[in-house]
Amino acid sequence: MQDFVVRALVMGVFATAVLDLWALLLNRLFGFGLPNWAMVGRWFAHLPRGRFVHADIAAAPGFANELAIGWIMHYVVGIAFAAATLLLAGPGFAKAPTPFWPLVVGWATILCGWLILQPGMGGGIAASKRPNRTQIRLLNILGHTVFGLALWAAALALAR
């Protein structure tokens with residue numbers, strides 16, 4: 001169990017950090033906006049109060065430390081998806097990681113964003129209410145593919 005937890009932590013933190021570096025690279029090279037983790041934190045802070053869907057998360061009441069909440073939850077979710085990868089791939093994955101399950105899980109994170117987070121924050125399914133929805137969708141696909149590949153890279157580094 002301890003091995004599983006350590007692998008999930010390392011893989012999740014590494015893959016999430018790589019995703020963040022990818023976003024920073026796209027921002028520096030092409031001027032794409034960076035994720036607003038304060039709004040994600042606001043959305044998460046509303047969940048225990050029973051509010052899952054907002055017309056516009058920016059117009060929702062704010063919370064202290066919502067930026068910190070957003071960053072923390074971003075990494076918690078990354079770790080949870082790393083754990084899912086390990087569970088789905090089975091025990092042999094630790095010794096001989098293949099890219100299949102990390103990429104499947106990375107692509108599943110796209111659907112979570114499109115079907116849970118974006119609608120919950122007021123952006124509609126797959127950012128359908130955003131004027132730059134096609135750009136958002138393409139960046140989601142690319143970024144979460146990078147996340148899946150980073151899960152695999154971390155698993156390879158941990159293989160024994």
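**Aromatic pairs and a buried histidine**

Ring pairs join Trp37, Trp71 and Tyr75 into a cluster. The model is predicted, with local features needing pLDDT of at least 70 and side-chain atom pairs counting only at pLDDT 80 or more, while totals for chains, interfaces and linings use all residues. Residues are numbered from 1 along each chain as its sequence is written, and side-chain values use heavy atoms, with hydrogens and water left out.

Colleague: How many aromatic pairs does the structure hold, and what is the geometry of Trp43 and Phe44?

Modeller: Rings of Phe, Tyr and Trp (its six-membered ring) pair if their centres lie within 6.5 Å, and planes under 30 degrees apart count as stacked, over 60 as edge-to-face and the rest as tilted. The structure holds 6 aromatic pairs. The rings of Trp43 and Phe44 have centres 5.1 Å apart and planes at 75°, so this pair is edge-to-face.

Colleague: Is Trp43 buried or exposed?

Modeller: Buried means under 20% relative accessible area, exposed over 50%, and partly exposed in between (1.4 Å probe, protein chains only). With a relative accessible area of 3%, Trp43 is therefore buried.
The rings of Phe100 and Trp101, with centres 5.0 Å apart and planes at 80°, are likewise edge-to-face. Phe100, at 52% relative accessibility, counts as exposed, whereas Trp43 is buried.

Colleague: Which residues does His46 touch, not counting residues up to four places away in sequence?

Modeller: His46 has 7% relative accessibility, so it counts as buried. Taking contact as heavy atoms within 4.5 Å, His46 touches Arg51, His54, Ala60, Pro61 and Phe63.
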